[in-house]
Amino acid sequence: MVTQAPIIIWFRRDFRFSDHEALSAAHSSGRPIIPIFIFDEVFEALGAAPKWRLGLAIECFKKKLERMGSNLILRRGNACEILQELVNETGALDVYWSRAYDPVSIHRDTKVKSLLNGTSFKGHVLFEPWVPKTKSGENFKVYTPFWRHVSSQLTVNSTLSKISKLHSPHVWPKSDLLSNWGLGEEMNRGRNVVSKYINVGEEVALNKLENFIVSKVNGYKIDRDFPMRHATSGLSENLTYGEISPRLIFNSLRNTFDKNDLGAEHFLKELVWREFAYHLLWHFPKLDTQCWRGEWNDFPWKGINKNAKAWMQGRTGQSFVDAGMRELYTTGTMHNRLRMIVGSYLTKHLQTDWRIGLKWFEDCLIDWDPASNAMGWQWIAGCGADAAPYFRIFNPNLQAEKFDSDGQYRKKWLEADKELHAKAFFDAIPVAWKLSADKINQNEIIDLSLGRKIALDAYAIFKKQ
Ligand SMILES: Cc1cc2nc3c(=O)[nH]c(=O)nc-3n(C[C@H](O)[C@H](O)[C@H](O)COP(=O)(O)OP(=O)(O)OC[C@H]3O[C@@H](n4cnc5c(N)ncnc54)[C@H](O)[C@@H]3O)c2cc1C
């Protein structure tokens, strides 16, 4: 019997079977498949919460592969070297993977391609970020024309997986133990608390999508802005780890509803914001470090400061802001409306550099995404593409009146004597913060009108220069 050379599938942020082009191509070749995950410098650099959540995604996916008679080989180190070793060890002729679009991954993948017989496939986004072009052949800088362009031109195909078994090699290469990598170590502070709020794996993601379509999408357009209505899909953490593909989401929504359904259309628009973020990142790889509008690099942002630390710890004395920051720390996620409010407060009332907020989110968010996070921060700070103008300063109290008029969201996160969730925050925080529910100081760190004036004055001076 002739032994066929195996195909290595290098998993990164694509822990699923459905709509997985690399896996489908390998499966249909009929050759043995060696799935591998490499914990390399790209993943070493992750913040505490995303690194921990990554470990859970790997664990869940490994079990799924094992149920299919396969395995997930785990190795730690330089991806080029490990893949070369594995090719030599197993006689594999091809390495397949799904593309990533952040600059560090692109650099690494280009190197791997130059050394090995590597083939990359799409799968993390609806369409390749370099494809959409304006009529004059430029990249898009404004969201609405981008949406119009992609929604009229886009045909995306996706399929639920029919794979029930994967061919194994005769001998499995050696693998590390996931538990030895210590991916959750930096989350020692609140891992057990945050774990109650997360949803890991492809099956869970598919159920969330179905639940969203059945019971939430009709009210999405209006309800999505109210944090206590729980009206959004909650799919961002699964998209981040590729436990569901954006194309599958797009098609499920598009096939289920006709064009007149405003909820579905609005949802697809939000999904396309994620695409816009990848489009921006592709054309401006420094999206997380440099202002997209270059002139804003001269804005006199403050570096790390006492008030910014109070912001991180949910003790600014602004109840809506503090509730949002505590939700973030306790659950690893934050409602989109709150992300905008806390971002505006940090960059405007507190005059603090958007990159400080970006880094904090990067450490705390289980749905941390390099493109969406950077775009979101630049948008709210006023220095990004199609950004909210700087002088649009969210007033947290007015926002609370509008989107939390009965105070239920603030109660949920601030009333530790009555609410389980609010209590959980104090279980999740490090001892070094020296905070407890009975000692927390609720005085405003800055008066809202004064903060607004300081921000507008700084803006006026900046504009004159
Ligand atoms: C300062 C700031 C930082 C952010 N950081 C991240 C991040 O690190 N990771 C992340 O996934 N999203 C980020 N967002 C976008 C948004 O807040 C989240 O995608 C959303 O809250 C996720 O909840 P959901 O899945 O229930 O969203 P839904 O309302 O159900 O939306 C469906 C999907 O559309 C996409 N989407 C929705 N809104 C946006 C948006 N404004 N920008 C980009 N994509 C969007 C997401 O993939 C989301 O899962 C950020 C927004 C801001 C203002």
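Guide: Helices here are DSSP runs of at least four residues, numbered from the N terminus. In this predicted model, helix H11 covers residues 246-256, and Pro246 has its place in that helix.

Visitor: Is Pro246 buried or exposed?

Guide: A residue counts as buried when its relative accessible area is under 20%. Pro246 has a relative accessibility of 1%, and therefore it counts as buried.

Visitor: Which residues is Pro246 in contact with, leaving aside its neighbours within four places in sequence?

Guide: Contact is a matter of heavy atoms within 4.5 Å. By that rule Pro246 touches Gly123, His124, Val125 and Leu126, together with Leu239, Leu271, Arg274 and Glu275. Asp94, by comparison, is 152 residues from Pro246 in sequence, and their C-alpha atoms are 26 Å apart in space.

Visitor: How is the chain divided into domains?

Guide: Domain 1 runs over 1-123, domain 2 is made of 124-158 + 190-283, and domain 3 takes in 294-464. The C-alpha centres of domain 1 and domain 3 are 37 Å apart, while nine residues of domain 1 are in contact with seven of domain 3.

Visitor: How much area do domain 1 and domain 3 bury between them?

Guide: The two bury about 580 Å², with 63% of it on carbon and sulfur atoms. On the side of domain 1, Ala49, Pro50 and Arg53 lose the most area to domain 3, together 49% of what that side buries.

Terms used
Residues are numbered from 1 along each chain as its sequence is written. This is a predicted model: local features need pLDDT of at least 70, side-chain atom pairs count only at pLDDT 80 or more; totals for chains, interfaces and linings use all residues. Side-chain values use heavy atoms; hydrogens and water are left out. Domain bounds come from an automatic or database domain assignment. Buried area is the accessible area (1.4 Å probe) that two parts lose on being put together, summed over both. Helices (H or I, at least four residues) and strands (E, at least two) are DSSP runs, numbered from the N terminus. Buried means under 20% relative accessible area, exposed over 50%, partly exposed in between (1.4 Å probe, protein chains only).
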